[in-house]
Amino acid sequence: MATATPKRDILKTLRSEHDELRALFEQINATTDRAVKTRAELLRKVEAGLLPHANWEEEVFYPAIGERADRDGKKAIAEAYLEHHAIESVVMPEVKASDTASPEFAGAAKVFGEQLDHHATEEEGTVFKLARALFSAEELAQFDQQYQDWKASAAGLARVGAEKVKGAVKSTARTLAQ
Ligand SMILES: [Fe+2]
Ligand SMILES: [Fe+2]
């Protein structure tokens with residue numbers, strides 16, 4: 001693993017991925033029931049961005065924060081896990097099961113976007129604040145490097161398929177280059 005420099009910051013990366021997802025949902029919400037291909041493509045982009053992000057938070061970032069956090073911090077992490085679970089197990093499958101040419105899709109996608117925004121906003125307010133307090137700038141930079149490496153790794157690829165991860169890594173690289 002390359003030596004990380006303190007210039008990198010996992011919280012900035014995760015925040016910009018949240019914003020990319022929010023932008024995708026704005027686009028989905030603006031589509032009509034005739035925009036079948038556009039909806040499918042936007043949904044594919046949402047999955048490609050969301051799955052590695054959420055998996056890495058669950059497997060690496062949340063446990064690391066939970067280990068150092070006090071009781072309130074542990075509670076915030078428990079909330080975040082459950083919100084992921086609700087989105088991944090209930091809301092997202094509902095959207096994927098609905099016909100992209102239907103108003104049902106539009107309604108389910110709207111709920112998906114709302115739940116995601118709610119979770120991301122809470123995360124930015126509570127979990128990121130915790131992380132800032134519990135980890136040094138150097139550690140936050142190391143997490144950022146580790147996240148990028150993980151997305152390019154076999155574990156990351158296995159999560160969502162090579163094509164999707166390639167897109168996600170590209171967008172992270174773009175973000176980091178900014
Ligand atoms: Fe999250
Ligand atoms: Fe997140």
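Predicted model: local features only at pLDDT ≥ 70, side-chain atom pairs only at ≥ 80, totals over all residues.
The protein contains seven helices and zero strands, and the elements, followed from the N terminus on, accordingly read α-α-α-α-α-α-α. Of the 178 residues in the protein, 29% are buried. Among the contacts that have a separation of 6 or more, 74% are made by residues 24 or more positions apart.

Two packed helices are described by the angle between their axes and by the distance between the axes. For helix α2 (residues 36-68) and helix α3 (residues 71-97), the angle is about 155° and the axes are 11 Å apart. Because angles over 145 degrees count as roughly antiparallel, α2 and α3 are roughly antiparallel to each other. The crossing of these two helices, α2 and α3, is left-handed. On the side of α2, the residues that take part are L43, A54, E58, Y62, I65 and G66, and they meet G73, K74, I77, A80, Y81, H84, E88 and V95 of α3. Sorted by class, this contact of α2 with α3 comprises eight nonpolar, three polar and three charged residues.

Helix α2 also packs with helix α4 (residues 103-134), the axes of the two coming within 12 Å and crossing at roughly 30°. Since angles under 35 degrees count as roughly parallel, α2 is roughly parallel to α4. Here, too, the crossing is left-handed. R39, I65 and R68 of α2 make the contact, together with F105, V127, L130, A131 and L134 of α4. The residues in the contact of α2 with α4 are six nonpolar, no polar and two charged.

Residue I65 of α2, which takes part in the contact with α3 and in the contact with α4, belongs also to the largest nonpolar core, where, of the 15 residues, I65, I77 and V127 touch the most other members. At least two residues of this core are supplied by each of α1 (10-29), α2, α3, α4 and α5, and the largest share, four residues, comes from α2. When neighbours within four places in sequence are left aside, I77 is in contact with Y62, I65, G66, A69 and V127. Another core, of 14 residues, lies apart from the largest one, and its members include L42, L50, V95 and F105.

E123 and L14 are 109 residues apart in sequence, while their C-alpha atoms are 9.8 Å apart in space.

Q145, by contrast, lies in helix α5 (residues 137-152), and because Q145 has 17 C-beta neighbours inside 10 Å, it counts as partly exposed. The C-alpha atoms of Q145 and R8 are separated by 7.7 Å, although these two residues are 137 residues apart along the chain.

Methods:
Residues numbered from 1 in each chain as written. Chains lettered and ligands numbered in written order. Buried ≥ 20, exposed ≤ 12 C-beta atoms within 10 Å, placed from the backbone. Axes fitted to C-alpha atoms, helices over the stretch in contact; angles between N-to-C directions. Parallel < 35°, antiparallel > 145°, perpendicular 65-115°, else oblique. Left-handed = near helix turned anticlockwise from the far one by under 90°. Contact = placed C-beta atoms within 7 Å. Nonpolar A, V, L, I, M, F, W, Y, C, P; charged D, E, K, R; others polar. Core = buried A, V, L, I, M, F, W, Y, C linked by C-beta atoms within 7 Å.
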